[in-house]
Amino acid sequence: MSLSSASFIIFLVCTISVYYLVPKKVQWVVLLIASYVYYLSYGFKILGFLLTTTVTTYAGGLLLGRLNDRKKLELQKLGNDAASGEKKVISGIYTRKKKWILAGILLINFGILAAIKYYNFTAENLNLLLGLFSDLSLPKMTWLLPVGLSFYIFQSTGYVIDVYRTKYSPEKNFFKFALFVSFFPQIIQGPISRFDQLAHQLYEAHSFSFDRLKYGIQLMLWGFFKKLVIADRTAVIVNNVFNDFYKYSGSEIAFAVFMYCIQIYCDFSGGIDIIRGVAQILGIDMIDNFQRPYFATSLSDFWRRWHISLGAWMRDYLFYSLSLSKPFGKLGKYARKKFKGNLGKILPVSLVTFIVFFTIGIWHGASWKYIAFGIWNGGIITFSVINAPNYSKVLDKLHINPESLYWKLFQIARTTVLVFIGRYFTRGDDLMSALRMIKRTVLHFDIKSLFGNVFNLGLSSFDLLVVFVCGLVVLAAGLMEEKGTNIRHALEKKNMFVQWSVLMAGLMAIVFLGIYREGYIASEFIYKQF
Amino acid sequence: MEELYKILKELRPDVNFDEKKALIDDGILDSFDIVALVGEIGETFDVQVGVEDLIPENFNSVEAIWTLINRLRDGE
């Protein structure tokens, strides 16, 4: 049941109606049932995966919470005057126990994720190696990636790590916890929420609010507009060119990659807007996953604005865990001694940064193209971190004011190019295709062929005009928000006629300009596959 | 506490640490600053700042950081 399908809208209307009709005490139960109904609409076989993660992270959270309480009690018994050494011994004993539990939970969950996502890729490459020495080979498995697996595993392991870090107490009610893991709008493509931000909202009583309904519908319409009018339209050119790229000139390929940049942004951020809109109608505020990424002034800034919840997860649970671990602490000391100055200070943290971006790359899937994508992002960001002091010196020498508008525009353009190149890897069929496409773009650009052939790439002149005009609308909205304007509040201040006109224009655009297939069922969201 | 001020000043000379009370929540200190700060605190005060201590409340102000250091010195 895709978010942009007619059946989802019917399901949503039913869920919202029941949600506000039942006694407030059991509203969360309605959400839990709706979430499981929604998830099972993708198939019954995947239920086992969801339950395994729910049960293990729930039990892990309880065990860790119990150890946290016991440690606190024992420290309290010792009293404030006890020697710090004694307290450290007790802390150490409990930390060791907690580490084992945490390791077990992470191993089970990431083990499942790794097995399903990366087994075939690993087996394929190992077989190539083994083939050199023997006839042995690992069998290929026909596992299908259960939808939402990496999103809900990241969300629930984040919860376990937070309980381990005593950030909050664990949830005692299994069914309430199951709702946190499976909350239906977000289970398929995130955002990856935090327990302390989301859970209490899921369990609280919510009264129907006309304003919330209005805001939710506005946000959903904005999401549908981006997904159905823009993303699914650009998809036509993207699919045509990427599927047979060798038939096209470099400029046509570059144009398709440009279209893909528009598509993936409108597809993913549109999906998230729909999800947040649905949650808003239910009285729940979800974190935003985007902050106008195409206005980013550096690649690291881009990743702070794109898929924010994944970046924040990586920062809190991977970056900090690695940076503050003993091996990296030792490496830091060694680097400070060996390399004087800035390099010594930032070398370990740069290495961790590289690992994080590499991980984000392979989070997308098991393929050499995602490994290349990880190296591309990690390499550039690490390089810029190490060279940051040199940049300021060069800017000083060239008398460039880093705060000037022209410099900012240059930075945005530079970042756009870097992101643009990265997109060859994420959309290309495989690494070799991506590299060949880059080669064609550079060596056989031939701009004339694009001008002569732009209307033969799959979209008519009208469709291209729609993409252009609607793309400008999204860009203008982004620019306004970037300047600090809250569009929703600005619209609220206008009279009812203007408010309704904007709403109706959006609705008309979706109805008449949206791309619908297979009997009014729009195509799936790209991030569902991750 | 003076030593802590010295570390912070060296790390971010552009920030007035007396005035700022939401160093993390306002995004003044980023993840790189935090890692560097934790390293310096560890060496200067002989304490081990764990990942579990990396919550905004512990780093939002100089006073909060100082409280954290004392808590860790106390062995908790």
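## Chain B: fold and dimensions

Along its sequence, chain B of this predicted model runs α-α-α-α. The chain has 4 helices and 0 strands; helices (H or I, at least four residues) and strands (E, at least two) are DSSP runs numbered from the N terminus. Residues are numbered from 1 along each chain as its sequence is written, with chains lettered from A and ligands numbered from 1 in the order in which they are written. Because the model is predicted, local features need pLDDT of at least 70 and side-chain atom pairs count only at pLDDT 80 or more, while totals for chains, interfaces and linings use all residues.

The radius of gyration of chain B is 11 Å, which agrees with the value near 11 Å for a compact globule of 76 residues; the radius is taken over C-alpha atoms, and the globule rule is 2.2 Å times the number of residues to the power 0.38. Along the principal axes, the C-alpha atoms of chain B fill a box of roughly 30 × 20 × 20 Å.

Of the 76 residues in chain B, 25% are buried (20 or more other C-beta atoms within 10 Å of the residue's own, with C-beta atoms placed from the backbone). Among contacts in chain B with a separation of 6 or more, 62% join residues 24 or more positions apart; a contact requires C-beta atoms, placed from the backbone, within 7 Å.

## Domains of chain A

Chain A is divided into domain 1 (6–208) and domain 2 (215–290 + 429–530), with bounds from an automatic or database domain assignment. The C-alpha centres of domain 1 and domain 2 of chain A lie 32 Å apart.

Between them, 18 residues of domain 1 of chain A are in contact with 19 residues of domain 2 of chain A. On the domain 1 side, helix 1 (6–21) and helix 7 (195–203) of chain A are the elements that give two or more residues. That side has 10 nonpolar, 8 polar and no charged residues (Ala, Val, Leu, Ile, Met, Phe, Trp, Tyr, Cys and Pro count as nonpolar, Asp, Glu, Lys and Arg as charged, and the others, Gly among them, as polar).

## Interface of chains A and B

In the interface, 18 residues of chain A are in contact with 16 residues of chain B. Helix 4 (84–133), helix 11 (308–323) and helix 13 (342–363) of chain A each supply at least two residues of the chain A side. The chain A side divides into 5 nonpolar, 7 polar and 6 charged residues.

Definitions and conventions: Buried ≥ 20, exposed ≤ 12 C-beta atoms within 10 Å, placed from the backbone. Contact = placed C-beta atoms within 7 Å.
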